[in-house]
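I opened the model to look up its charge pairs, its nonpolar cores and its surface. My notes follow in the order I took them.

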Amino acid sequence: MTASTTNSKTGKVYMTYVDQWLDTLPASESEEFKEFAEVTPSIIEIWVYAGILNYPGTFNDMARWVKMKFKKLNRREILNSEIAALHSDIQDLRMAITSGEIKGSDGAARLASLEKELRSHIETSDRMNRTTDKRGLILAGADRVMREMTSIFKDDPHLAEPIDNAINAVFAKIYSELG
């Protein structure tokens, strides 16, 4: 199903597939998911959590819904633009020192400061990438295990609810440890 307008059996009109899916959840789960989606910067983490709640749609549908409903700050993009700007400033300062527009001693101190700031930004970017990659891999692995367990025990009504409860508890523990 796509992100276009859909009608349900009850005649209710949905703007997105995600909204339609959310309407099938108990109200408390739907609200908890919306709150999670609002405060979580990673669409991947939101999608993994939706999978725990048996979201049957695509990642693209979820990504469109998140972008439509919540303003997400792209910290990686901001940091990368700051790195590019600092690099450009360093190049401009070097040219100004070389051309004599700025005294060598004054420029050297400013150049050292800019280079230190640039290195700090690069280290932060690397750390952010490693953390995001690690979190994404752990959550994707946990999601796969949980989906497989649900699939294996789906036909046993005695185990379905305990398995769902265990999955939710495990996801909450993993997510809190990664936070």
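I began in helix α2, where Glu31 and Lys34 are three residues apart, so about one helical turn separates them. I kept in mind that this is a predicted model. The two side chains meet in a salt bridge, at 3.7 Å from N to O. Glu31 is partly exposed, at 40% relative accessible area. Lys34 is partly exposed too, at 30%.

How many salt bridges does the structure hold? I found five.

I then went to Asp61, which pairs with Arg64, the closest N and O atoms being 2.6 Å apart. Both residues lie in helix α4, three residues apart, about one turn of the helix. Is Asp61 buried or exposed? Asp61 has 4% relative accessibility; the cut-off for buried is under 20%, so Asp61 counts as buried.

Helix α6 gave me another pair. Glu148 forms a salt bridge with Arg144, with 3.1 Å between the closest N and O atoms. They sit four residues apart in α6, about one turn of the helix. Glu148 is partly exposed, with a relative accessible area of 36%. Arg144 is exposed, at 54%.

The largest nonpolar core has 28 residues, and Trp21, Phe33, Met62 and Trp65 have the most contacts inside it. Helices α1, α2, α3, α4, α6 and α7 each supply at least two of its residues. Which helix gives the most to this core? It is α3, with six residues.

I looked up Met62 in more detail. Leaving aside neighbours within four places in sequence, I found Met62 in contact with Val18, Trp21, Phe33, Ile46, Trp47, Ala50 and Tyr55. Apart from this core lies another, of eight residues, including Ile83, Leu86, Leu93 and Leu111.

Gly100 follows α5, and its phi is positive, near 90 degrees.

Last, I checked the surface. Val145, Met149, Ile152, Phe153 and Leu159 form a nonpolar patch there, with about 410 Å² of accessible area together. Helix α6 gives the most to this patch, with four residues. Leu159 is found in α7. Leu159 is partly exposed, at 32% relative accessible area.

Notes
Residues are numbered from 1 along each chain as its sequence is written. This is a predicted model: local features need pLDDT of at least 70, side-chain atom pairs count only at pLDDT 80 or more; totals for chains, interfaces and linings use all residues. Side-chain values use heavy atoms; hydrogens and water are left out. A nonpolar core is a set of buried Ala, Val, Leu, Ile, Met, Phe, Trp, Tyr and Cys residues joined through side-chain atoms within 4.5 Å. Buried means under 20% relative accessible area, exposed over 50%, partly exposed in between (1.4 Å probe, protein chains only). Contact means heavy atoms within 4.5 Å. Patches are made of residues with over 30% relative accessible area and no salt bridge: like charges are joined within 9 Å, nonpolar side chains (Val, Leu, Ile, Met, Phe, Trp, Tyr) within 5 Å. Accessible areas come from the Shrake-Rupley method with a 1.4 Å probe; for residues, only the protein chains shown count as cover. A salt bridge is a side-chain nitrogen of Lys or Arg within 4 Å of a carboxyl oxygen of Asp or Glu.
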